[in-house]
Amino acid sequence: METFLIKAAQLILSLSLLVIVHEFGHFIFARWFKVRVEKFYLFFNPWFSLFKFKPKNSETEYGIGWLPLGGYCKISGMIDESMDKEQMAQPPQPYEFRSKPAGPRLLIMIAGVLFNFLLALFIYSMILFAWGDTYLPLKNMKMGMDYSDTFKEIGFRDGDILLEADETALERLNSATLRAVINAHTVTVLREGNPATISIPEDMMQRLMRDKQGFAVPRVPMTVSRLAGEDTPAARAGLQPGDCIIAIDGNATPTFYDAVEVLSQYKEQEITLSYTRDGCEQSMRLTPDSLGKIGIYPTTPEELYQTVTLTYGFLASFPAGIRLGINTLKGYVSDMRYVFKDASSIGGFGAIGNLFPALWDGRAFWMNTAFLSIILAFMNILPIPALDGGHVLFLLYEVIARRKPSDKFLEYAQIAGLILLFTLLIYANGNDLFRWFKGN
C-alpha cells in the first residue's frame, strides 16, 4: 500500500505540473491577443469545485476541480469541453476567441503543446546540469545480459554482450538501443570472447509486443550489497555485505536471477547456501521466508561495473537537453506506430504510475516528468476533435478554404471527440486492471 501511495503521489504531482504549464500556455497567448479567459482550472469541476477564487478586477476565475482528469482554460467565444452553447448563441464580442483572425487563434491553440515541449527540454537540460549523464556502457558488462525467450528464439544467448546493430556501435542499454536492435537486419554480439552475428526478423517488434517479455537485463552475480534488516534469514545466518552466493542446495547460481529462481523453490525450507567471502568458498544453513526471500539487497550492475558520467556546465546543458528531448520525441513517435497494431499495449494511469520508482528519487521523478510532458505534447497535437490538434485542424481548414466550419459542426465534432477520448480512457485503464488481475 505504501508503494502505491508513493507512486500515486508522484504521478499526481507530475501531471498537475504538466497540466498547469499546458493550460498556462493557452492562457498567456490568449491574454497576449486580448482574448478573455473566464476560467483557469487544475482538474475538472463538474457541479462543484474544491477551491476557487477570482482576484479583484480580474476576468478570470482560478480553481481546483475534484475530477483529476486534466484541467482546462475556458476561453470566451470558443467551443471547448465546457460546451457553453448559451455564450455561442450570443453575438460575437471583440474580446472573444471567435472574433480574432485565424493566425492568433492558431497560436493560442498550439501554445499548450509548445509549452509542454519547451518544459520537457528545460527539465532535461536541468537534469544534465544537476546530475550529469551517468550510464553503464554495454562493453563494461563483463557477464553480458540475460535475454527474454522472445530474443533467445532468434539466436541470442544469455551472456551475450551487445556490440553493433547493422555495424553501428551500441553504447548503453536503453530504449534507443532496443529500437536499434529491433530495426536492424543483423546484430553483432560478443559470445565467449568471439563475435557472433544474429539475424533480426522483420516482425521482431510484433513478436516482442505479442510475448510481452521484454528485451534483456544486465547479467550479474548474486552479491550482497546490504542486509534488509537484523531479523532476516540472511542476517540470522551470518551473511555479510560483499558475500557472493554461488550455489543453493547444490544448484549452481552464477547470476542474480538464477539465485532468485532457485530460492523461490525453497520457501520456508532449510537450505545449504554456498557463497564466497574474501575469495574463499564457504557455506551456511538458512531458511527462506514464505516468499522465498532471505532478506538482502543485491549489488546493482552500476555498483558492480564501471560507469561513465558526462558532466555539463549550465550553458552546455541546454543544447544537450534539447538533443535529448528531440531524440526522446522521435523515439516515442516511432514507437506509436506499433500501438495501433496492438491495442492491448495501451495503458492508463496505472501504467503511467509504474514509471515512477517505489522510493523517492529526484532524478527519476524529473526524467519521468519530462517524458510525460513530451507525451502530453504529442498526444494533444493529434488531429482529434476535443484535443488541441483537432482545433488546429479546423483552423487550418479555415485558412485554406477561407471560411469557418459552422458552430454546429464544431459542436458535434467536440462531442464526438469527447466520446472518443473517454472511450480510450476507459479502455486504457481497463487494460491496467486486466493486467493487474492477471498478475495476481
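In this predicted model, Phe-53 counts as partly exposed, with a relative accessibility of 43%, and its ring is stacked with that of Tyr-62, because the two centres lie 5.5 Å apart and the planes stand at 25°. Tyr-62 likewise counts as partly exposed, at 24% relative accessibility. Both residues belong to a cluster linked by ring pairs, whose members include Phe-24, Trp-32, Phe-51 and Phe-115.

Phe-53 also takes part in a nonpolar patch on the surface, together with Trp-47, Phe-48, Leu-50, Phe-51, Ile-64 and Trp-66, and these residues have about 810 Å² of accessible area together. Strand E1 (37-53) and strand E2 (61-75) are the elements that give two or more residues to the patch, and the largest share, five residues, comes from E1. Leu-50, which lies in strand E1, is exposed, with a relative accessible area of 59%.

Across the whole structure, a search finds 27 aromatic pairs. One of them joins Tyr-41 and Tyr-72, whose ring centres are 5.6 Å apart with planes at 15°, so this pair is stacked; it links strand E1, which holds Tyr-41, to strand E2, which holds Tyr-72, across 31 residues of the chain.

| Residue | Relative accessibility | Class |
|---|---|---|
| Tyr-41 | 0% | buried |
| Tyr-72 | 7% | buried |

Elsewhere, helix H8 (residues 256-263) has Phe-256, Ala-259, Val-262 and Leu-263 buried, and these residues lie on the same side of H8 because they cover an arc of only 135° around the axis. The buried residues of H8 pack against several strands, among them E10 (222-227), E11 (244-248) and E13 (271-277).

How values were computed: Residues are numbered from 1 along each chain as its sequence is written. This is a predicted model: local features need pLDDT of at least 70, side-chain atom pairs count only at pLDDT 80 or more; totals for chains, interfaces and linings use all residues. Side-chain values use heavy atoms; hydrogens and water are left out. Patches are made of residues with over 30% relative accessible area and no salt bridge: like charges are joined within 9 Å, nonpolar side chains (Val, Leu, Ile, Met, Phe, Trp, Tyr) within 5 Å. Accessible areas come from the Shrake-Rupley method with a 1.4 Å probe; for residues, only the protein chains shown count as cover. A salt bridge is a side-chain nitrogen of Lys or Arg within 4 Å of a carboxyl oxygen of Asp or Glu. Helices (H or I, at least four residues) and strands (E, at least two) are DSSP runs, numbered from the N terminus. Buried means under 20% relative accessible area, exposed over 50%, partly exposed in between (1.4 Å probe, protein chains only). The arc is that of the directions from the helix axis to the C-beta atoms. Contact means heavy atoms within 4.5 Å. Rings of Phe, Tyr and Trp (its six-membered ring) pair if their centres lie within 6.5 Å; planes under 30 degrees apart count as stacked, over 60 as edge-to-face and the rest as tilted.
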